[in-house]
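This report describes the secondary-structure packing and selected backbone features of the model shown below.

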Amino acid sequence: MCSVHIEKADINDIEQLVGLRTAYLLEDYGDVPQEQLAGISQKLPDYFRRHLNKDCFVYAAKSENEIVSCCFLIVAEKPSNPSFINGVVGTVMNVYTKPDHRRKGLAGKLMKMLLEDSEKMGLDFVELKATDAGYSLYRSLGFEDSVSKYHNMKIAFDSAKKY
């Protein structure tokens with residue numbers, strides 16, 4: 001087996017990041033209609049060109065030049081309040097390891113690097129939504145269940161609809 005090294009992804013990794021994102025979505029959502037997957041895949045390169053290493057940081061485990069595991073940190077600045085004095089928070093997304101590389105500690109190593117960088121960046125906190133498969137890893141890293149007096153709500157818009 002080749003050695004694996006951990007680093008931040010860069011502009012040269014965009015094609016692989018698109019593939020990893022779509023692989024993650026297929027595993028997380030199950031059956032995604034092909035037209036939706038194609039639309040997502042078409043939008044992702046532009047997203048990464050605009051955001052990578054600005055407010056989207058991708059931590060990658062590479063074997064030779066292949067990214068075999070990754071996690072995304074999305075950084076957002078918000079008006080300060082008692083919950084986030086600095087006004088800068090992070091959201092972890094897309095923690096994904098290719099099947100042949102699972103159960104080797106890669107996601108844990110990536111998350112530790114992400115959390116170290118988050119602290120250096122002065123983030124007030126880092127949050128995520130955990131699947132059952134990832135829950136114990138995140139707990140072992142210090143994440144706690146979040147309880148709030150607020151309800152988690154959203155409204156979805158039909159992206160194909162024109163106003």
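## The β2–β3 hairpin

Glu64 adopts a positive phi near 60° in the hairpin of β2 and β3, where two residues lie between the strands. Strands here are DSSP runs (E, at least two residues) and helices are H or I runs of at least four residues, each numbered from the N terminus. Strand β2 (residues 56–63) and strand β3 (residues 66–77) run antiparallel and are joined by eight bridges; strands count as paired if DSSP finds at least two bridges between them. Within this pairing, Phe72 of β3 is the bridge partner of Val58, and Ser69 of β3 is that of Ala61.

## Basis of the model

The model is predicted: local features require pLDDT of at least 70 and side-chain atom pairs pLDDT 80 or more, whereas totals for chains, interfaces and linings use all residues. Residues are numbered from 1 along each chain as its sequence is written, and side-chain values use heavy atoms, with hydrogens and water left out.

## The sheet

Five strands form an open sheet in the order β1-β2-β3-β4-β5, with mixed pairing. Strands β1 (4–8) and β5 (125–127) are at the edges and have a single partner strand each, so one side of each lacks a neighbour in the sheet. On average, and with direction ignored, neighbouring strands are turned by 20° against each other. Helix α3 (residues 106–120) packs on the sheet and touches β1, β2, β3, β4 (88–97) and β5, contact being defined as heavy atoms within 4.5 Å. The direction of α3 makes about 30° with that of β3.

Strand β1 runs antiparallel to β2 and is joined to it by five bridges; Glu7 stands opposite Ala60 in β2. In a regular strand, side chains alternate between the two faces of the sheet. Both faces of β2 are covered, with Cys56, Val58, Ala60 and Lys62 buried on one side and Phe57, Tyr59, Ala61 and Ser63 buried on the other. Because eight of the eight residues of β2 are buried, the strand is largely enclosed by the rest of the structure. Buried means under 20% relative accessible area, exposed over 50%, and partly exposed in between, for a 1.4 Å probe and protein chains only.

## Packing of α1 and α2

Helix α1 (residues 14–29) packs against helix α2 (residues 34–51) at an angle of about 135°, and their axes are 9 Å apart. Axes are lines fitted to C-alpha atoms, for helices over the stretch in contact, and angles run from 0 to 180 degrees between N-to-C directions. The two helices are therefore oblique to each other; under 35 degrees counts as roughly parallel, over 145 as roughly antiparallel, 65 to 115 as roughly perpendicular, and the rest as oblique.

The contact involves Ile14, Leu17, Val18, Arg21, Thr22, Leu25 and Leu26 of α1, together with Leu37, Ile40, Ser41, Leu44, Pro45, Phe48 and Arg49 of α2.

## Other positive phi values

Asn94, a residue other than glycine, has a positive phi near 55°. Asn94 belongs to strand β4 and counts as buried at 2% relative accessibility.

Arg103 likewise is not a glycine, yet has a positive phi of about 65°. Arg103 is placed in the loop between β4 and α3 and is exposed, with a relative accessible area of 84%.
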